[in-house]
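Here are some notes on side-chain packing, written for a first reading of the model. Please keep the structure open while going through the points.

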Amino acid sequence: MTPAFYRLSRPLQKWIRAQGWTGLRPLQAEAIGAIMDGTADLVVTASTAGGKTEAAFLPLISQVLDDPQAGAGFDLLYLGPLKALITDQARRLDGMCHETGLPVVPWHGDIAGGIKTRALKNPRGILLITPESLEALFIRRGNEIPGLFGALRAVVIDELHSVLDSERGVQMRSLLNRTESRLGRPLRRIGLSATLGDIGLACAYLRPDDPDAVGHIAATGGGSELRVQLRGYVAGGPDPDEPAAADLVAGHLFQKLRGSSNLVFAGSRERVEIYADKLRQLCDAAGLPQEFHAHHASLSREHRDFVERRLKDGRLPATAICTSTLELGIDIGDVTCVAQIGAPFSVASLRQRLGRSGRRAGQPATLRQYVIEAWPRPDANLADRLRLDLVRAVAMIDLLIEGWCEPPAPQALHLSTLVHQILSVIAERGGATAAGLHRLLCREGPFRSVDAALFQQVLRAIGHRDTGLIEQADNGILLLGRRGEKLVEHYSFYAVFQTPEEYSLQNGAEKLGTLPVHNILAPGSLLIFSGRRWQVREIHAEARVIVVDPAKAGVVPDFDSSPGLIHDRVIQRMFHILGDRTVPVYLEPLAAALLEQARSSYSALGGERIHELSPRAFLLMTRRGTVASTTLALALQSVGFRVQLYDGVLEVLATDATPDLRAFLTGIARGASVDLFAHDPPLCFEKFHPFLTRPLLEQDASSSRVDLAALAGLCKELTD
DNA sequence: GACCTGCTGCGGTTTG
């Protein structure tokens, strides 16, 4: 055993020996040193199953046992984004703590009330909790916070990458700051992750006041061999006897994946249902027991648990056709291969997915990427002929191999989440002053870009008579208004993100899952859902329940969807690939031929950034990601152009009322001002947006979804 | 042109 081992508390040494470990991993030894010798915050990065949890908790638990801290309450706090992950980690920590007498308390919506009541009476040991449940503790038990967390030694934040930039991440950092504020001292923060694009930014997220003091420990090596194949298919050809491209993809998947355990990321819930249906038909036709299963967030918990158990226990072959539900979190064991249908939206997510395969020593990680492109009709527009999906898949794989992934964008205002936190602090303390709230949430907390003037505007908006979220007492103290009180009282308040209204689907006693209410269904309608075919029997509109029976045919329903953001660097790489000549070795011949077509279409442009398709139709080659391209699209729409957005390309249609395109762009390049929101585009995207004024919504969008500062530069590039 | 995540307190009933 290494020297680090002997620094651990005796019960933990005993536990490690009982596990049959021959030694600590280098990552764990290093973390033991860093945590026991210093007091600095820490980021620990290692692949899934790389031993991060033990690396953080072995030394932390040792400190709790050997050097107890004065004060009441829990000793360690673990924040996790998923209920299943908390349950999983609690089981692991429970084993580790078995001989120590330290309680391990999992806490989320599915944990029995009795366990929570007991823990509140005698808070000690390790509390594992979701951001939403911690929020609920602040709102319902504001007065008990010092008693619950007075002895807290450190906070461990799991899956740090998943909460960096999101609404939930901001909420979590605000709660950490509020805890520190109530305790009157900083808490050591330890972040765990497998996928961080920029360690410096991650450190700044973990401790905004002092990012340079945050330590970083990374597992060395460990990257297993990567095998990649990209297959291209062509849809919509002239020969009606040719099988459809999706059937060819399903056929290839069936042939390659049958008999082993795999994950197929299909890109959307619709496509999960389509491919699950096709693969199950192939399995049935071959007379084989079913081994293909659909998995996405609209399917029932029971069905998802069944699929996860099949994958984890590994005795029978099982392939999940899934969305990002199986990208993050709980251990589903090792899979033989990861397939991706269509280009993914981010390199970070592709890397997380690939981390699910090749986890046994000596096993390669395997990625099978499938892309379907349109048949090259002579009248196809240029955006189609550039084969953007194929090129994006190549760009993503190249960036993945280079080790890059998307960094967070820290300048967003997050005004919706700010409204949520204002209401929460007022509920926690019974009232607050405007200056106190601004100091706690903005100057010390995560809303650093919100200055006093902007904060005043937010308070005025939510305190307006028509909004009624807050009101001011005569002594200036802010209180919850009638509407605010009603919102905060209901348990749906604790989450900062939106969720759509849904029907629940059932076949007899079996719950199948949920479906957005905008699907137009009637008794008799046919449906593909959960990888099986159904006919609607009854619709109970008020109870929001649909009863179905098995059927022989079906159609895939429509799930809600919204466009994703693609990073500048991905799009830049796509245009580099289009202008390049080398053919990546992982392309099979048809994919290589499709790339060749895309390159000749691109070279026909001769490097022109503005391409005139007709006197009224243009292609603008922005070569930028979603944010910059959307900004230009809004500018064009504000003066009447109609715009279609592709990867790094805008298709622009002029009308009689629109100005000359080149003159308009040149004007912006020379500094002419432009009102991006003149045409009143929709701006309510987040949970508390409906309570804000139009100018505030425009500022919020400007901080995250558009980039006005870069617009003139982009227009200059296009017109030079 | 996409995906995912989360949830209290209390009153009633059943069981030992």
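1. This is a predicted model. Tyr233 and Tyr370 are both buried. The two rings form a stacked aromatic pair, with 6.2 Å from centre to centre and 25 degrees between the planes. Tyr233 belongs to strand E8 (residues 226-235) and Tyr370 to strand E13 (residues 365-374), so the pair ties together parts that are 137 residues apart in sequence.

2. Phe641 and Phe664 make an aromatic pair that is tilted, at 6.3 Å centre to centre and 45 degrees between the planes. Phe641 sits in the loop between helix H23 (626-638) and strand E23 (642-646), while Phe664 is in helix H24 (residues 661-669); the pair links distant parts of the chain, 23 residues apart. Are these residues buried or exposed? Phe641 has 3% relative accessibility and therefore counts as buried. Phe664 has 15%, and because buried means under 20%, Phe664 counts as buried too.

3. The count of aromatic pairs comes to ten. Phe493, Phe688 and Phe691 form one aromatic cluster.

4. The charged end of Arg392 sits over the ring of Phe345, 5.0 Å from the ring centre. Over the ring of Phe685 sits the charged end of Arg705, at 3.9 Å from the centre.

5. Next, the nonpolar cores. The largest one has 63 residues, and those with the most contacts inside it are Leu418, Ile422, Leu632 and Leu636. Helix H17 (residues 415-429) supplies the largest share of this core, seven residues. A second, separate core has 54 residues, among them Ala320, Ile566, Tyr586 and Ala592.

6. Which residues does Leu632 touch, leaving aside those up to four places away in sequence? They are Leu620, Thr622, Leu650, Leu665, Leu711, Leu714, Cys715 and Leu718.

7. The last point is a helix pair. Two packed helices are described by the angle between their axes and the distance between the axes. For helix H18 (residues 434-443) and helix H19 (residues 452-463), the angle is about 115 degrees and the axes are 11 Å apart. The crossing of H18 past H19 is right-handed. On the H18 side the contact is made by Ala434, Leu437, His438 and Cys442, and on the H19 side by Ala452, Phe455, Gln456 and Leu459.

Conventions:
Residues are numbered from 1 along each chain as its sequence is written. Chains are lettered from A and ligands numbered from 1 in the order in which they are written. This is a predicted model: local features need pLDDT of at least 70, side-chain atom pairs count only at pLDDT 80 or more; totals for chains, interfaces and linings use all residues. Side-chain values use heavy atoms; hydrogens and water are left out. A nonpolar core is a set of buried Ala, Val, Leu, Ile, Met, Phe, Trp, Tyr and Cys residues joined through side-chain atoms within 4.5 Å. Buried means under 20% relative accessible area, exposed over 50%, partly exposed in between (1.4 Å probe, protein chains only). Helices (H or I, at least four residues) and strands (E, at least two) are DSSP runs, numbered from the N terminus. Contact means heavy atoms within 4.5 Å. Rings of Phe, Tyr and Trp (its six-membered ring) pair if their centres lie within 6.5 Å; planes under 30 degrees apart count as stacked, over 60 as edge-to-face and the rest as tilted. A charge sits over a ring if NZ of Lys or CZ of Arg is within 6 Å of the ring centre and within 35 degrees of the ring normal. Axes are lines fitted to C-alpha atoms, for helices over the stretch in contact, and angles run from 0 to 180 degrees between N-to-C directions. A crossing is left-handed if the near helix is turned anticlockwise from the far one by less than a right angle, and right-handed if clockwise.
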